[in-house]
Amino acid sequence: MQTYMILIVLLAFMAFAYQFGKRRALHTAGGPAPVRNLHSLPSYYGFYVMLWAALPSLLVLLLWSLFQESVLTQLVIGSLPQDMRALSEAELGLIINDVRNLASGDIVSQEPDETTQMAAAHLQKLQGMADLAKAVVILALSVIAAGFAWRSVAPKMRARNRVEWIVKGLLIISASVAILTTIGIVMSVLFESLRFFQKIPVTDFLFGLEWSPQTAIRADQVGATGAFGVIPLLVGTLLISFIALVVAVPIGLMSAIYLSEYATPHLRSIAKPVIEVLAGIPTVVYGFFAALTVAPAVRGFGESFGLDVSSESALAAGLVMGIMIIPFVSSLSDDVINAVPQAMRDASFALGATHSETVRQVIIPAALPGIMGGVLLAASRAIGETMIVVMAAGLSSNLTVNPLEAVTTVTVQIVTLLVGDQEFDSAKTLAAFALGLVLFTITLALNVLALHIVRKYREQYE
Amino acid sequence: MNQSRSRSRTAELVEASLKRRYAKESRFRMMGLGAIGLGLLFVLILFVSIISNGYGAFVQTHIRMAVTFDSAILDPQGTGDPEVLKQADYRQLVRQPLREMFPDVKSRRDKRKLYQFISGGAERELRDMVLADPSIIGTTKELWLMADDDVDMVVKGHIAREDVIANGGEKLIQWLERFEAEDRVERQFNTTFFTSGDSREPEQSGIGGAVAGSFFTLIVTLLLAFPIGVAAAVYLEEFAPRNRFTDLIEVNINNLAAVPSIVFGLLGLAMFINLFGLPRSAPLVGGLVLTLMTLPTVIIAARAALKSVPPSIREAALGVGASKMQTIAHHVLPLAMPGMLTGAIIGMAQALGETAPLLMIGMVAFIVDVPGGPLDPSTVLPVQIYLWADSPERAFVERTSAAIMVLLAFLISMNALAVILRRKFERRW
């Protein structure tokens with residue numbers, strides 16, 4: 001690959017640049033003895049030249065790689081005959097795809113006509129030129145930048161300060177990646193959602209009671225009107241999450257209480273890591289477990305009572321999700337229970353309370369805000385969980401709160417809408433981003449609330 | 001007098017209630033113990049169910065056949081040209097000994113069933129043998145050929161023989177029993193499972209492609225997440241002034257740690273694929289998405305490691321005239337490195353098990369070839385598990401569980417490595 005080659009050459013040149021910078025520093029200082037005339041250690045002059053050799057050209061390389069594809073496509077579209085350019089965006093996209101495949105020697109969807117072949121040849125030529133130009137520009141930039149830095153090397157130059165300044169800049173940029181990621185998430189879901197709301201009114205989306213995202217291909221198709229009401233999905237999500245919390249909160253809380261109040265250090269050192277194993281198991285494993293083992297078991301159990309249980313029941317998905325979040329609840333509760341001051345326990349014991357009375361009437365009330373925060377975090381985890389519900393919950397929407405029926409969730413719908421072939425403009429695909437926005441907003445609100453509660457609680461005892 | 005009586009009454013009341021209170025106490029204890037027991041039970045059930053389903057996939061049924069490398073079939077003109085050998089009809093080589101063994105099978109339908117005994121993968125094996133050593137042509141060899149997945153399931157007992165007979169497969173069982181009587185059936189270690197890519201035929205499918213895809217994805221993630229995470233942590237712990245900007249970064253890191261992983265997939269789809277035009281299904285894009293996802297974990301762990309380096313180290317270095325950057329690069333970072341590495345390994349384990357965001361960026365494609373680099377279309381181990389879990393064939397249930405066992409083995413060894421690192425380099429100041 002061209003980019004790999006450029007990177008390797010660049011690395012080699014960086015090593016040279018370092019050596020040259022260091023040599024020149026020593027040289028201008030007048031040999032190794034009067035090295036004290038230099039402002040900085042000689043290696044800093046080397047680093048300075050090296051950074052100049054690397055950073056500008058790496059930046060250009062990154063930008064070039066990101067935008068080469070789209071610029072070339074624009075050029076090829078510009079070279080197409082007039083009547084082709086007048087085609088709709090989707091058809092043009094198909095042709096461009098063919099051209100691209102033809103140029104890279106892959107299979108094309110149809111027998112290429114003459115214009116496509118010409119365009120492909122054109123694209124191939126452009127690609128060759130662009131690759132060559134990329135290599136030349138980047139290496140030249142590296143050499144020129146390093147050259148200027150090299151010339152500026154002099155005993156008086158504050159090389160260390162300059163290098164440290166650059167490194168500090170890099171640190172700040174790294175730290176800002178978190179902000180950029182958040183901005184990226186908000187932008188990508190927000191923009192696509194806005195495009196979705198141009199096709200489907202916001203009120204229909206937020207308050208609609210029906211979800212069936214199949215839009216009609218033919219006008220007279222049956223049952224393909226395309227309804228985008230998010231309520232059934234939200235109800236399904238909340239139902240499954242609620243079942244999960246009903247499983248996880250008592251088990252997690254009780255085991256946290258036992259581990260921190262009653263257990264011997266030996267039992268604690270075994271049981272705590274084993275329960276935390278549950279947190280490290282990939283969710284796809286839970287999904288498989290739910291679909292293969294738990295769902296049939298739940299179904300068989302229900303049928304033995306004469307109940308009609310769906311094979312994709314909300315109960316099975318919720319149970320397994322509950323198992324998954326037990327460690328969240330238990331380790332967060334464990335932390336807050338341990339944070340309750342010993343003095344409160346001692347006071348309660350001194351009044352003659354038994355241990356369980358102390359726990360129930362003193363420790364739990366004192367730790368309650370922290371436990372609530374932990375439960376909210378677990379709830380946000382359950383709402384955003386994808387693989388378990390994709391594999392074990394239903395696909396079609398169903399507005400019900402009966403845990404024995406199949407319901408679908410927000411995350412399941414995002415996956416089904418986006419996996420497989422997709423056109424980027426259809427309401428179906430855009431709907432997935434609107435669902436993503438809903439999901440992001442709900443989990444963000446829950447997290448902010450949970451962190452707020454936890455932080456407020458901590459201030460009481462510290 | 002009055003007072004002492006009331007005191008004794010209180011004591012009586014308390015004593016009377018003691019039994020009830022102690023009973024309550026022991027009930028409460030039992031509940032706690034029960035909760036822990038349930039938690040441990042869940043772990044046990046999960047592992048038992050996966051392992052009991054999956055261990056069988058590490059062996060594969062093979063059937064011994066006397067294969068004649070007939071030159072009339074392979075190379076009628078006797079050219080010896082590799083192109084001719086590549087195109088030859090290897091199916092006939094497999095079918096011939098079957099026909100000879102069961103000469104009484106005449107009808108077309110029965111014949112087709114008989115031919116299905118041997119996997120289609122056997123033809124490829126024979127072709128590779130001939131291409132590797134053309135002098136084999138004309139000889140007859142006793143070879144272990146891979147059996148079809150249905151035969152495999154019957155031999156392993158996952159499909160009961162009675163059920164096969166009930167479904168009209170009486171002859172299949174007769175044939176199988178004849179093979180067994182002649183000692184022609186054997187279970188051998190399943191190398192295909194570890195080396196080959198995905199396939200529609202369970203017996204030919206393997207996790208080789210998915211493991212390679214996971215490897216490239218994790219390499220990209222590690223190369224990006226570790227340096228960026230460490231740099232961000234160093235800035236936040238050592239340099240950052242307390243101001244709005246720093247607070248904003250901290251809030252963002254905390255929130256990103258709790259954003260559902262599927263939302264990162266949406267980001268990857270909208271940004272990396274649709275905006276920047278990076279290839280779909282490529283480990284490069286998967287690695288980028290997982291980098292953004294694991295960064296909070298890496299940053300938080302790295303900050304904890306930096307915090308645990310005592311200030312006296314910094315003060316001593318500054319005291320002998322090192323600059324702040326030198327102090328950090330020469331003294332603080334080396335001391336914090338084990339903790340940072342531990343965090344990075346845990347982040348990588350998290351990334352290795354992640355599925356949902358990779359579905360969004362097209363790593364769910366059906367890919368037969370083992371990828372050779374971070375730009376080749378590929379899938380990863382958890383996604384392969386998801387794909388197989390969706391397949392209806394019984395044999396894929398076994399493969400899925402076996403793939404899960406491999407995935408869990410990787411995760412456990414990564415976490416064990418992290419624990420060992422921590423134990424070995426942990427310092428108390």
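This note sets out, point by point, how the two chains of the model are built and how they meet.

1. Basis of the model. The structure is a predicted model, in which local features need pLDDT of at least 70 and side-chain atom pairs count only at pLDDT 80 or more, while totals for chains, interfaces and linings use all residues. Residues are numbered from 1 along each chain as its sequence is written, and chains are lettered from A and ligands numbered from 1 in the order in which they are written.

2. Secondary structure. Chain A holds 16 helices and two strands, and chain B holds 19 helices and three strands. Helices (H or I, at least four residues) and strands (E, at least two) are DSSP runs, numbered from the N terminus.

3. Overall form of chain B. The radius of gyration of chain B is 32 Å, well over the 22 Å that the globule rule gives for 429 residues, so chain B is more spread out than a compact globule. The radius is taken over C-alpha atoms, and the rule is 2.2 Å times the number of residues to the power 0.38. Along the principal axes, the C-alpha atoms of chain B fill a box of roughly 110 × 75 × 40 Å.

4. Overall form of chain A. For chain A the radius of gyration is 31 Å, whereas a compact globule of 462 residues would have one near 23 Å. Its C-alpha atoms fill a box of roughly 85 × 75 × 40 Å, again taken along the principal axes.

5. Burial. In chain A, 40% of the 462 residues count as buried; in chain B, 42% of the 429 residues do. A residue is buried if 20 or more other C-beta atoms lie within 10 Å of its own, exposed if 12 or fewer, and partly exposed in between, with C-beta atoms placed from the backbone.

6. Contacts along the sequence. Two residues are in contact if their C-beta atoms, placed from the backbone, lie within 7 Å. Among contacts in chain A between residues at least 6 apart in sequence, 72% join residues at least 24 apart. The corresponding share in chain B is 78%.

7. Domains. Chain A is divided into domain 1 (2–157) and domain 2 (227–461), and the C-alpha centres of these two domains of chain A lie 48 Å apart. Chain B is divided into domain 1 (2–55), domain 2 (58–197) and domain 3 (208–425). The C-alpha centres of domain 1 and domain 2 of chain B are 62 Å apart. These bounds come from an automatic or database domain assignment.

8. The contact between the chains. Chain A brings 71 residues to the contact and chain B brings 66 residues. On the side of chain B that touches chain A, helix 1 (residues 2–54) gives the most, with 17 residues. By class, that side of chain B has 48 nonpolar, 14 polar and four charged residues. Here Ala, Val, Leu, Ile, Met, Phe, Trp, Tyr, Cys and Pro count as nonpolar, Asp, Glu, Lys and Arg as charged, and the others, Gly among them, as polar.

9. B:V259. This residue is in the loop between helix 12 (244–256) and helix 13 of chain B. B:V259 is buried, because 23 other C-beta atoms lie within 10 Å. Leaving aside neighbours within four places in sequence, B:V259 is in contact with A:I185, A:F440, A:T443 and B:F264. The C-alpha atoms of B:V259 and B:M293, 34 residues apart along the chain, are separated by 8.8 Å.

10. B:T191. This residue is found in the loop between strand 3 and helix 10 (192–195) of chain B. B:T191 is exposed, with 12 other C-beta atoms within 10 Å. Its C-alpha atom is separated by 44 Å from that of B:N255, 64 residues apart along the chain.

11. Positive phi values. B:D183 has a phi near 60 degrees, a positive value in a residue other than glycine, and B:S281, also not a glycine, has a positive phi of about 65 degrees. B:D183 is in the loop between helix 9 (170–181) and strand 3 (185–189) of chain B, while B:S281 lies in the loop between helix 13 (261–275) and helix 14 (283–307) of chain B. B:D183 counts as exposed, with 8 C-beta neighbours inside 10 Å, whereas B:S281 counts as buried, with 21.

12. Helix 2 of chain A. Helix 2 (residues 42–79) of chain A has 38 residues and reaches 54 Å from its first C-alpha to its last, close to the 56 Å expected at 1.5 Å a residue. The expected span is 1.5 Å times one less than the number of residues. Helix 2 of chain A bends by about 45 degrees at A:F67, the bend being the angle between axes fitted to the seven residues ending there and the seven starting there.
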